[in-house]
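Visitor: I am new to this structure. Could you walk me through a few of its backbone details?

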Amino acid sequence: MRILLDYRPALRQRSGVGEYVHQLARSLAIQRVDRSTERRAGDRRASTNFDDVEVFTSSWRDRPSRGAVADLEPATVVDRRFPVQLLNFAWHRLLWPPVEWLTGRSYDVVHSPHPLLLPSRRAARVVTIHDLDFLRNFDRTTAEIRRDYPGLVARHAHLADGIVVVSHHVARLVTEHLGVPAERISVCPNGGPRWASEGDPVPPGNAGGRYLLFVGTLEPRKNVSGLLAAYAQLCADHPDTPPLVLAGGRTPAAQEWLDAIARPPLAGRVEYRGYVEDRARRAVYAGARMLVLPSFDEGFGLTVVEAMSLGVPVVASNRGAIPEVAGGAALLVDPDDHLGLAHAMDRVLHEPGLAPRLGEDGLQRARAFSWTQTAALTRTAYERAIEARNRRIHPANDEV
């Protein structure tokens, strides 16, 4: 199978969709190596048609880093210099030009890691839908998403040969809001971090952690305002509360929160570290007493799995896919209730036995997620998409 993935979301910061497409491409490519090794070893059951995996990047300024290219091996990186905004406009609005014109290659599957299609002349077209918050909360999105996604997502979903989602929660939303039949949707959950087993182990509950931690882009959907209000209340009730660290990229909306942490009562208590590179992420989690993720909506909640994989307790929202992903191994609260959020953080800090129990439960839950599994499920989704395309192109061949 010849597979092409749009790698552009990972060019600058590998958070969210960027981390997803990087780890998926890497895992698909590694599975190709595993099948090739089996065949050379004489395993007659191994397929002789192992996959060719390519990732496509296109930007006038940004190039894939050497580290990313090396990490993706044996996947092939096809890098072109073409302005992102211009290409997106043509692809999203015109479904043109076909990606084969830009790469000079042909494919069986082309995969867009966001809801809008990657145009192709002959390949099956697959999209991943991570969430539909842009439909329900228009004001929380970036300008390009506001311009294209709400008006085009339904059309692109119905044109796609396959739709991948990262949770059953998102699958229900796609059926409900976009009218896509459930049988056309493949649920392929994200994986856990590769770095979890590296370095010194963290005792479940991580009582030695020095701070409370939020990891995620500073945007309205993440409910940073509610987090800061809850943390201020916690500090008022317990002056010895550990500091709060905010780790993640920022949007224009973040300025009000950065201004707030520079003023009393938060000044000197909250640190903004910005985006954390992949190689430094484990250390950030390992230093935390707990992860707090009070998002209004998450299509998956990758940071929940990252924290749990180290035994760090999690306090998170009871909305979106977080309850599905946490699987009972986190304290869940209403994101609109900042007093309830403060109480949950208080419990993890002071209730005897709670933090170690959450840490141990989280370790067990995190083992359910792996990028190897994600790649295997996604490859099955590709096979279904190829079959769907063949039925669409050659309807006369269908059984009556």
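This is a predicted model: local features need pLDDT of at least 70, side-chain atom pairs count only at pLDDT 80 or more; totals for chains, interfaces and linings use all residues.

Visitor: Why is Leu95 called buried?

Guide: Leu95 has 19% relative accessibility. Buried means under 20%. Therefore Leu95 counts as buried.

Visitor: Where does Leu95 lie?

Guide: Leu95 is in the loop between helix H3 (84–94) and helix H4 (99–103).

Visitor: What makes the phi of Leu95 worth a mention?

Guide: Its value is near 50°. That is positive, and Leu95 is a residue other than glycine.

Visitor: How do you know that Asn223 is buried?

Guide: Set the value against the cut-off. Asn223 has 5% relative accessibility. The limit for buried is under 20%, so Asn223 counts as buried.

Visitor: What is the phi of Asn223, and where does this residue lie?

Guide: Phi is about 60°, a positive value, although Asn223 is not a glycine. The residue lies in the loop between strand E8 (211–215) and helix H8 (224–237).

Visitor: Which peptide bond ends at Pro74, and what is its omega?

Guide: The bond from Glu73 to Pro74 is cis, and omega is near 10°. Pro74 is found in the loop between helix H2 (66–72) and strand E3 (76–80).

Visitor: What kind of peptide bond joins Pro264 and Pro265?

Guide: A cis bond, with omega about 5°.

Visitor: Where is Pro265?

Guide: Pro265 sits in the loop between helix H9 (255–260) and strand E10 (270–274).

How values were computed
Residues are numbered from 1 along each chain as its sequence is written. Side-chain values use heavy atoms; hydrogens and water are left out. Helices (H or I, at least four residues) and strands (E, at least two) are DSSP runs, numbered from the N terminus. Buried means under 20% relative accessible area, exposed over 50%, partly exposed in between (1.4 Å probe, protein chains only).
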